[in-house]
Structures are given as structure tokens and as C-alpha cells.
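Please open the model in your viewer and keep the selection tool at hand, for this tour moves from one selection to the next.

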Amino acid sequence: MKPTSVTVDPRFRPKRRNWPLIWAYIIECGGSTKSTSATSMAVTAALRGYPGVVFDLDSNASSTTVLGYDEDALKGKKTAIDLLYGKATLDEVALPARYRIGDGDDPEEDFAPIPNLRVVPSSPAMAGADLAIAEDADRNDWFGEILRSYEGDDTVFYLDFPASYGKMPYSVLRMLDEDDSVIPSIKADPKDVKLVKKLTDELERIRDKNRGRRSVPGRPTLNHLLLTGAPTATHNEAAARRATAAAEAMYGSVLLPYIRYSADAKKLYEDECPLPILLPNSVPSVDYRKVMTHLGFVDLAD
Ligand SMILES: Nc1ncnc2c1ncn2[C@@H]1O[C@H](COP(=O)(O)OP(=O)(O)OP(=O)(O)O)[C@@H](O)[C@H]1O
Ligand SMILES: [Mg+2]
């Protein structure tokens, strides 16, 4: 059980609400680095002493895998779809994040815990989330119910979305306000930069639809943009340079410090280990630490 008497730094409880900051990693662009950024930022903050929860809302279960749970490990466990159906509470579904250190499936021998971090695991059933909401409009309030009944000391809810703007993303995004952040994480690729416009249009649509409502905040805002795979001395393609220049021209005011390219970043899925732990000295890990410092998540041990 989480203690309810702890006082949390007010910057993690905007407008004195009872739930943490919400950071939504979303953009309708497959393979754009949403999951890598969500998990890397969450792990970086957790290792610095800031507790959080990663909600894996994508049926591909990338974040779930990287935070230590494959399909076998999830047998008999509740997952994100049970939250959406209102069949379980957050504390029943969220699992302690961990990473693989051995080849077997022994929770003690083959995994090490990641302190301060929990993961709401996904499952293939999350592919039916949009339909579940379409069939029962009451389900639209599932995420709001989780927030209103929350009583812990987490600092951020990191939400990893599928690459789509369906009914499930809508049900979640309408619970954000301007203190929260929609953070598209995109590759330094002209195609990815172009797709940010569709996201800002979608956010505008959500704000319009919820304007004047009292029961939901309804103000998801693109406060930050993450550009990953940014050019380095050894990885320096013209297209990546063009994409970086375009992102600066269009979204300069919300651009976070760049995450540089590393071919090693691909290893995190096969190794079932988040980047900051798997390769703590790789350039993207260094850059994710810079980003979290920039966002005010300084190392509490320093
Ligand atoms: N800094 C980086 N440099 C190079 N490659 C990277 C970097 N960060 C992530 N990648 C790679 O990019 C690929 C896509 O990343 P990721 O799975 O995070 O994207 P995604 O947006 O979550 O994808 P999906 O839409 O499929 O869920 C992965 O192979 C990942 O290892
Ligand atoms: Mg993903």
C-alpha cells in the first residue's frame, strides 16, 4: 500500500489536484520512438528518486517488455484492458518495473528491480480498446476514474500510446490540461516532422469538443517535442539535418534538447531492458538525462 500522508512537491500536483503530472507520448507515426522515450525518461527520473508509473496503452506491449514483463510473465495478471473495463484498480494492475539479468524466468534470479517505477502492462487485448469504448460510452470515463480515485506519491504518469488517434487515446487525452504535456517523440526524419501538424489538429479538436465542460479538463497541449536519432559526427545524413532544421523552424519553442542517434538503441527490446540501464553511457542515455534535468528532474542525490 502507498502511504497517503506523504506530501508531494506541489509542482507534481498542479492546481492542487490529487493526481500526478501526465505526459502523453503520442503521434500517429509508427516506429517514431514513443516507447523508447517514454521508458527512458521514466527510468531516468525513477533512478534519480522520482516515483512514476508507465501506462503501456499500446497492444504491441513495447514498454511492458522493456520494463520486464513478456507474455508468459503476464499470464494470470491483470493488464491495462482491465482498467479500461473498470474491472481492476490501478494498484491491482501496476507491477514493479524490472529488467532482465538472466536467461530464465525466475523472478528473483533473472530480474532486477527498477526502484520507484511501476508499469501498467499492456496485452494484445488492448487492440480492442477503441471498440470497447464505441460499444459502451460509459467506458470513456475509465481514465478519469483512475485519476479521481488516485492516492499515491507518484510524480508523473508516463503514457505510451499506439500510433493512432482513436477513441481510447481520446478518452485519455481529454483528461489532460495545460500543466500536463503531450510529448510527440519523433525521429529526425522529414516524414515524422510533417506528421506533428496532424497531432496539433487532433489536440485542437479535443479542446474544442470539451470546451466549457466541467467534468473533464479537456486541454491537452503540445508542451514539448522530442527529436530523436539526431545527427552526430558519425551519423550525419542530409535528411536528418533537413528534419532537424524543419523542426526548429516550426516547433522551436517546444523543442527539448535533442536525443542523438545510436544504432545500439535497437537492442532494448531483445534484451528486455530500458536504454538508461542497458547502455547508461550511450549518447541517447546521456541525452535523456539532460532532458530530464532540463524538465526539472534533477538528481536528488547530487
Ligand atoms: N536515439 C535513437 N537512435 C537510433 N534508434 C533509436 C533511437 N531511439 C530509438 N530507436 C529505435 O527506433 C525504433 C522505434 O522505436 P520505438 O519502438 O520506441 O518507437 P514507437 O514510436 O514506440 O513505435 P511503435 O509505433 O511501433 O510503438 C526502435 O528500433 C528503437 O530501438
Ligand atoms: Mg511503441
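Begin by selecting the shell around ligand 1, which by class holds six nonpolar, nine polar and five charged residues, where Ala, Val, Leu, Ile, Met, Phe, Trp, Tyr, Cys and Pro count as nonpolar, Asp, Glu, Lys and Arg as charged, and the others, Gly among them, as polar. The model is predicted, so local features need pLDDT of at least 70 and side-chain atom pairs count only at pLDDT 80 or more, whereas totals for chains, interfaces and linings use all residues. Residues are numbered from 1 along each chain as its sequence is written, chains are lettered from A and ligands numbered from 1 in the order in which they are written, and side-chain values use heavy atoms, with hydrogens and water left out.

Within that shell, highlight Ser32, Lys34, Ser35, Thr36 and Tyr269, which come nearest of the 20 residues around ligand 1 (a residue is near if one of its heavy atoms lies within 4 Å).

Now colour by element, taking helices (H or I, at least four residues) and strands (E, at least two) as DSSP runs numbered from the N terminus. Helix 1 (34–47), strand 9 (259–260) and helix 11 (267–271) each give two or more residues to the shell around ligand 1, and helix 1 has the largest share, with three residues.

Finally, turn to the lining of the largest pocket, where helix 1 again gives the most, with three residues. By class, this lining has 15 nonpolar, twelve polar and seven charged residues.
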